[in-house]
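Please walk through the model below with attention to its surface, its aromatic rings and its backbone.

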Amino acid sequence: MRRFPQRLIRSFALTLGLAACTPHDGRIPHQLAAPAVPNVPAVVPATYVGVPVATAPVTPTAPPAAVVETAKDLLENPRWDDAARLEAFGKQALERAKAALGRVQNTPAGADPNTLVDDFDAIFRELDAASGLMSLMVEVSPVAAVREAGAKADQDLAKFRAEVWLDRKVYDALAAIDVARLDTAEPSMKRMVELSLTDFRLAGVDKSPEVRARLATIQGEVKRLSQEYGANVNTDTRTVKLAAAQVADLPKDWRDAHPADAEGNVSVKTDYPDYYPVMEYAADEAARRALWEAQIDRGMPKNVEVLKSILKLRKEAATLLGEPSWAAYAVRDAMAKTPEAVTAFIAEVAEA
C-alpha cells in the first residue's frame with residue numbers, strides 16, 4: 001500500500017533485523033506485501049542464499065499471556081530461536097490489525113475523517129511490521145521451527161490483507177470522506193486516501209461477493225506457493241568442482257579454506273561465502289559461468305511445477321479482474337500502462 005508518515009516501524013524493524021543477522025551482512029529479505037493479488041515469488045536476493053544449518057533442538061518459550069509485544073520489542077530484545085514467541089507476536093499483530101479494521105468498519109457518519117484515516121493506516125502499520133519480520137525470519141533463521149512459524153504467520157497476514165482490500169465497507173467509508181476536513185498539516189493524507197481508493201478498485205472491491213472471496217483465496221494460495229518457491233531455492237545448495245588454477249587469484253584466506261582434492265580440484269558451493277568471492281575475484285570466465293549457472297538453477301526442477309501453479313492462479317485472478325493477462329493487470333496502474341510498452345522498453349535497453 002502507499003503509505004504516508006508511518007513507515008518508521010517497518011523501516012526500524014527491517015534495519016534492526018538485518019543488523020542482527022551478522023555484523024557485516026548486507027543481505028536483504030524479500031518482502032513486502034503488495035496489491036490484493038500478490039506478485040511473483042520474490043527472487044532470492046543476490047546478496048543472500050539462505051541455507052539452513054544444523055542446529056541443536058530448541059525448546060521454545062512462549063511469553064506470558066499478558067505480554068503484548070511489537071516488532072520493535074522482538075528486535076531490541078531478540079530470542080532468534082524462539083518460535084513460540086514469534087508465533088505469539090504474529091497473532092497479536094493480527095489482532096491489533098483486526099481491531100483497527102473494526103474501528104474503520106464501524107466509523108459513524110460525520111465522524112472525524114482524520115481518525116478514520118489513522119485507523120485505516122494502523123491496519124497496515126501492523127501488517128507491514130509483522131509481515132516484514134516474518135519474511136526476515138523465514139529467510140535467515142537456521143531454526144526450522146522459527147521458519148515454519150514465520151511462514152504460517154505470514155500466510156495469515158497475507159490472507160487478512162487481501163480481505164481488507166476487498167472489504168466494501170472499508171472502501172465506502174474512505175470514499176465518503178470529505179477531504180476538505182483532513183488535517184492540512186498532513187497534505188499527504190489526501191493523497192493517501194485517493195491512492196487507497198484506486199488500490200481498492202484494482203483489487204476488485206467492486207466485484208461480486210463470490211468473486212471477491214475467490215480473489216482472497218487466490219492471494220492466500222499464491223502466498224503459500226511463493227514461500228514454497230523460496231524454500232526450494234534456499235535449501236538447494238549446489239557444488240561445483242573447479243580446477244585449483246581457476247581460483248588461484250582468490251584471496252589467500254579463501255584458498256586456505258578451500259584446499260584442492262587429490263585430483264587438483266576445489267569444491268565451491270553456491271552459498272554466498274563461496275559464490276561472491278569467486279564472482280568478484282576469479283579471472284577465469286569459465287569458472288564464474290559454471291558457478292553462476294549452478295546458482296541460478298537452484299530450486300529446479302521442483303520449482304517448475306510451483307511456477308506453473310502460480311501462473312495459472314495469476315491468469316485466473318487477472319481474468320476475474322477484467323484483464324486479458326496478469327501482465328496487463330500488473331501494469332495498468334503503472335507508468336507503462338501496457339505490457340507492450342514494457343516489452344518495447346526492455347528490448348530498447350537490451351539493444352543498448
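Valine 349 counts as partly exposed, because its relative accessibility is 48%, where buried means under 20% relative accessible area, exposed over 50% and partly exposed in between, with a 1.4 Å probe and protein chains only. This is a predicted model, in which local features need pLDDT of at least 70 and side-chain atom pairs count only at pLDDT 80 or more, while totals for chains, interfaces and linings use all residues. Residues are numbered from 1 along each chain as its sequence is written, and side-chain values use heavy atoms, with hydrogens and water left out.

Valine 349 belongs to helix 14 (residues 339-351); helices here are DSSP runs of H or I with at least four residues, numbered from the N terminus. Together with Phe345 and Ile346, Val349 makes up a nonpolar surface patch whose accessible area is about 320 Å². Such patches are made of residues with over 30% relative accessible area and no salt bridge, nonpolar side chains (Val, Leu, Ile, Met, Phe, Trp, Tyr) being joined within 5 Å and like charges within 9 Å; a salt bridge is a side-chain nitrogen of Lys or Arg within 4 Å of a carboxyl oxygen of Asp or Glu. Accessible areas come from the Shrake-Rupley method with a 1.4 Å probe, and for residues only the protein chains shown count as cover.

Turning to the aromatic rings, the whole structure holds eight aromatic pairs. One of them joins phenylalanine 120 and phenylalanine 124 edge-to-face, with 5.3 Å from centre to centre and 70° between the planes; rings of Phe, Tyr and Trp (its six-membered ring) pair if their centres lie within 6.5 Å, and planes under 30 degrees apart count as stacked, over 60 as edge-to-face and the rest as tilted. Both residues lie in helix 4 (residues 113-140), four residues apart, or about one turn of the helix. Phenylalanine 120 is buried at 1% relative accessible area, and phenylalanine 124 is buried at 0%.

Two backbone features remain. The peptide bond from methionine 300 to proline 301 is cis, with omega near 5°, and proline 301 sits in the loop between helix 11 (285-296) and helix 12 (302-320). Lysine 337, in the loop between helix 13 (326-331) and helix 14, has a positive phi near 75°.

Methods: Helices (H or I, at least four residues) and strands (E, at least two) are DSSP runs, numbered from the N terminus.
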